[in-house]
Amino acid sequence: MSQLTIYHNNRCSKSRQTLQLIEQQGIKPTVIDYQKNPPNHSELATIIQQLGFTSARQLMRKGEDEYQALGLANTLLNQEQLIDAMISHPKLIERPIVCYKGKTVIGRPPENILTLL
């Protein structure tokens with residue numbers, strides 16, 4: 001059985017609620033503080049693909065100051081550049097991300113993760 005993984009930010013209420021919901025299901029997940037240990041390029045590319053996103057930008061928090069400061073709304077930026085920006089500035093990554101058995105969802109709302117279980 002594949003291990004359930006949550007890319008988590010403890011300061012985010014939705015991320016805490018999602019983790020709590022997972023644990024209420026009797027599952028002990030692998031918890032990754034993605035701000036301290038961001039996913040690498042390959043992992044982010046896989047997450048984006050598993051989410052069914054056509055652009056890495058769909059995984060980005062567009063309201064963050066870094067998004068504007070780095071000019072990430074520029075439509076000329078390619079996937080590689082957007083992924084590199086998220087690795088360099090993990091605050092830009094939408095949260096929480098839950099991966100289980102080759103599928104991935106964003107826990108907004110937290111109940112989204114129930115589709116994986």
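**Briefing: Asn9 and the chain around it**

Asn9 sits in the loop that links strand E1 (5-8) to helix H1 (13-24). Keep in mind that this is a predicted model. The protein chain has 4 helices and 4 strands, and from the N terminus on they run β-α-β-α-α-α-β-β.

**Asn9**

- Asn9 counts as buried, because its relative accessibility is 7%, and the cut-off for buried is under 20%.
- A polar atom of the Asn9 side chain lies 2.9 Å from the backbone nitrogen of Arg11.
- Which residues does Asn9 touch, not counting those up to four places away in sequence? They are Ser15, Tyr34, Gln35 and Arg95.

- Ser15 is part of helix H1, and with a relative accessible area of 0% it is buried.
- The side chains of Ser15 and His8 are joined by a polar contact of 2.6 Å.
- Setting aside neighbours within four places in sequence, Ser15 is in contact with Ile6, Tyr7, His8, Asn9 and Pro96.

- Is the pairing of E1 with strand E2 (residues 30-33) parallel or antiparallel? The two strands pair in the parallel sense, over 4 bridges.
- Within that pairing, Ile6 stands opposite Val31 in E2.

**Cysteines**

- How many disulfides does a search of the whole structure find? The search comes back with 0.
- Cys12 is in no disulfide, and the nearest cysteine sulfur, that of Cys99, is 16 Å away.

- Most residues other than glycine have a negative phi, and most peptide bonds are trans.
- Arg95 and Pro96 are joined by a cis peptide bond, with omega at about -15 degrees. Pro96 is in the loop between helix H4 (79-88) and strand E3 (97-100).
- Arg95 also turns up among the contacts of Asn9, and Pro96 is among those of Ser15.
- The peptide bond from Arg108 to Pro109 is cis too, with omega near 0 degrees. Pro109 belongs to the segment after strand E4 (103-106).
- Where is Lys101? Lys101 lies in the loop between E3 and E4, and it has a positive phi of about 50 degrees although it is not a glycine.

**Exposed spots**

- Gln24 has its place in helix H1 and is exposed, with a relative accessible area of 55%.
- Gln24 and Tyr100 are 76 residues apart along the chain, and their C-alpha atoms are separated by 16 Å.
- Thr54 is in the loop between helix H2 (41-51) and helix H3 (65-69). Thr54 counts as exposed, because its relative accessibility is 72% and the cut-off for exposed is over 50%.
- Thr54 and Ile83 are 29 residues apart along the chain, with a C-alpha separation of 13 Å.

**The chain overall**

- For 117 residues, a compact globule would have a radius of gyration near 13 Å; the protein chain has 14 Å, so the two agree.
- The C-alpha trace spans about 45 × 25 × 20 Å along its principal axes.
- Of the 117 residues, 42% count as buried.
- Take the contacts between residues at least 6 apart in sequence: 63% of them join residues at least 24 apart.
- The protein chain exposes about 6500 Å², and carbon and sulfur atoms supply 47% of that.

Technical notes
Residues are numbered from 1 along each chain as its sequence is written. This is a predicted model: local features need pLDDT of at least 70, side-chain atom pairs count only at pLDDT 80 or more; totals for chains, interfaces and linings use all residues. Side-chain values use heavy atoms; hydrogens and water are left out. Buried means under 20% relative accessible area, exposed over 50%, partly exposed in between (1.4 Å probe, protein chains only). A polar contact is a pair of N or O atoms within 3.5 Å; within protein, one must be able to donate a hydrogen and the other to accept it, and residues adjacent in sequence count only if both atoms are side-chain atoms. Contact means heavy atoms within 4.5 Å. A disulfide is a pair of cysteine sulfur atoms within 2.5 Å. The radius of gyration is taken over C-alpha atoms; the globule rule is 2.2 Å times the number of residues to the power 0.38. Accessible areas come from the Shrake-Rupley method with a 1.4 Å probe; for residues, only the protein chains shown count as cover. Two strands pair if DSSP finds at least two bridges between them.
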